[in-house]
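Biologist: I am new to reading models like this one. Could you show me the structure and let me ask how you know what you say about it?

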Amino acid sequence: MYVYDQYDQKIIDERVAQYRDQTDRFLAGKITEEEFRPLRLQNGLYVQRLAPMLRIAVPYGLMNSKQLRKLAEISRTYDKGYAHISTRQNVQLNWPRLADVPDILAELATVQMHAIQTSGNCIRNTTTDQFAGVACDELEDPRPYCEIIRQWSTLHPEFAFLPRKFKIAVCGSTQDRAAIHHHDIGIELLANNRGEIGLKILVGGGLGRTPAIGSVVCEWLDKKHLLTYLEAILRVYNKHGRRDNKYKARIKILVKAMGVDAFRDAVEHEWRALRDGPSTLTDEELMRARAFFDGPDYQELDGIVASAELDAQCTRDPIFGNWVKRNTQVHRVPGYRIVTISLKATGFAPGDVTAEQLELLAELSDAYAFGEARSTHQQNMVLGDVQIARLYALWQQLQAARLATPNIGYLTDIICCPGGDYCSLANAKSLPVAEAIQMRFDDLDYVYDLGPIELNISGCMNACGHHHIGHIGILGVDKKGQEYYQVCLGGSQSKDASIGNILGPSFKQEDMPDVIDNILTTYVTLREEEESFLETYRRVGIDPFKERVYVQAD
Amino acid sequence: MSRLIKQGLVTDDTWLPLNPDIAIPAPRQICNLEQWLQIADKNGSAVQLESGQEPAPLFDFLEQIQLVVIHFPVFTDGRGFSYARDLREHGYCGELRAGGHFIRDQLTYLRRCGFDAFQLADESGLEDALASLGDFSEHYQAAIDQPLPLFRRRTRTTR
């Protein structure tokens, strides 16, 4: 992974000192509430319903064991002994004290971490595929480009006061696991007809109040132009994005209003002045960035022998076998597998992880995965490089710590925002809905029979739970002071990106497990052969679901 | 006479403030864009841009203009940062002043984008604000104050 040198460290340290001074001045009454707001937000600090919330940046979801231990320590010292993995691969603390935040940031800086631009109207943490570098379907590792973007966007002087927040995701594989169609900018590593890998640039995707799928602004861009091209896009947005209405301020609205062709022309116009300038990436810089992600020192293993032994183990211990089937994936290197650690055990808030679990993950990553772990936007954790021969030992330790729930990609692997229990923006609670659904569908055989289903829950229109792009999406709404839940069906975050359609009038919280049951029963009744939920939905449309759910409700 | 930060020091403003109600501004008086477009001789002129007024109309006169003020209606309106870079990238060398409602915590970013004068709404904070110009000694990106991005300047000594 990327390792800071003296320059990176200096920038992060100076940022801590700057924020410490700002906090001191705020506490001394020398900065108004209004002026302090963007300053604290751009250092990750929200003021929430019950306490402040600190969002710590995890660049493209990659952490080492030292950082995991530090997070555990911080969550114990400054918080209540647990943390939360967000839907943008970051780590959130729910109960820090505002006055302690400079100290927390100083602690983070000792392990090359920070909370810069995890909130506010600026360029946020760049996200990517949680299987980057280890996936079999990867054309090229996206993380060097994420790191280059991280450095460029960190404390960018021109783009710290944008009309609205700005999110970039990069994907380098056949399957899109980074939801690039739903970001302000989505970047796909792609070969042109000469076989050279370059960048396809999408602009104007997003969720929130007005969900949109990104438009192609550039079909293929030479990698060396990455930063100048991004700068041109951001400059068009900074100058022309709407500032009169925060609900119409995202770049998706600008792209729609201008039309993608006019938007592209404006970008090209800005780009003419920047193109081939000093921010053009050099071969040396591209090589430097790549070198950090070369991959660990893999052993040369016989993949066929390892798989055969694994099969035998799985047969001997079917519970282990089931976990292998559900929570591990094929690795590009023979003899290794990718392990996803579910943070979706029933009875625990999706994405929550205790200090003890963080320390265990640190220990396990040291013992089994070259000291690295990843956070996912589905709010789970990943050990990227585990020897197949050592999976059984790893699984036993995970099981003892309640981290072996075999549900990755299934109904109960719910993406869920913190909702009305924590968040001051939320219209409704989301965690109790997730838990009620997990409890209702506790029969794993039924859950597996349903096949892969993405169920996403957001407590409000801001859509942190990505409800629009869940196969089944649930949105908390406020109806005359009462919490209700709207359901949408047919969203997808993959390359076949789509935005879910609203099923109809919203439901009460206590009815939600029944509603989901009716939707699933409809699917099971109508599916043909091996059809997935999404495939059936796309074939039959929303009406059969509507009929069953609302007839039953009457 | 009002005061401002210029070239890193607190100093007096030698320009007459903008008066939108007069047709022809006095010599050494700051014009709004409308007034400035009217004046025949742009040599030694000073013009203030509001958010929403891009600097393109100025581009043909950059050698003649002595002062451009970019006015921030609220500190969270960041258009002025792009306007400033635009002006500098088109070769403007005169005084580039931030005016209106920005805050001292933006000084580093403003300077990086090409501003060299800062007229804070609250003059009493000018001396204290100087400290914020020194918040950072290193930067990742290219900007006006440092046209080379860090990746073209890194010396590898620690790895």
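Modeller: Gladly! The largest nonpolar core here has 187 residues, and those with the most contacts inside it are A:Ile201, A:Ile233, A:Leu358 and B:Val68. Helix 6 of chain A gives the largest share of this core, 9 residues. Please keep in mind that this is a predicted model, where local features need pLDDT of at least 70, side-chain atom pairs count only at pLDDT 80 or more, and totals for chains, interfaces and linings use all residues. Residues are numbered from 1 along each chain as its sequence is written, while chains are lettered from A and ligands numbered from 1 in the order in which they are written.

Biologist: What makes a set of residues a nonpolar core?

Modeller: Such a core is a set of buried Ala, Val, Leu, Ile, Met, Phe, Trp, Tyr and Cys residues joined through C-beta atoms within 7 Å. Buried means that 20 or more other C-beta atoms lie within 10 Å of a residue's own; 12 or fewer make it exposed, anything in between partly exposed, and C-beta atoms are placed from the backbone. In general, nonpolar side chains in soluble globular proteins tend to be buried together.

Biologist: Which residues does A:Ile233 touch?

Modeller: Leaving out residues up to four places away in sequence, A:Ile233 touches A:Ile185, A:Val203 and A:Val267. Contact means that the C-beta atoms of two residues, placed from the backbone, lie within 7 Å.

Biologist: How do you know that the span of helix 3 of chain A agrees with its number of residues?

Modeller: Helices (H or I, at least four residues) and strands (E, at least two) are DSSP runs, numbered from the N terminus. The expected span of a helix is 1.5 Å times one less than its number of residues. Helix 3 (residues 65-78) of chain A has 14 residues and should therefore span 20 Å; its end C-alpha atoms are 20 Å apart, which agrees. Among the buried residues of this helix are A:Leu68, A:Leu71 and A:Ile74. The elements that its buried residues pack against include helix 4 (101-109) and helix 12 (355-368) of chain A.

Biologist: Why is A:Gln112 called partly exposed, and why is A:Asp276 called exposed?

Modeller: A:Gln112 has 18 other C-beta atoms within 10 Å, so it is partly exposed. A:Asp276 has 11 and is therefore exposed. A:Gln112 sits in the loop between helix 4 and strand 6 (127-128) of chain A, and its phi is near 65°, a positive value in a residue other than glycine. A:Asp276 lies in the loop between helix 8 (260-274) and helix 9 (283-291) of chain A, also without being a glycine, and has a positive phi of about 65°. Most residues other than glycine have a negative phi.

Biologist: How many residues of chain A are in contact with chain B?

Modeller: 31 residues of chain A are in contact with 33 residues of chain B. Helix 1 of chain A gives the largest share of the chain A side, 7 residues.
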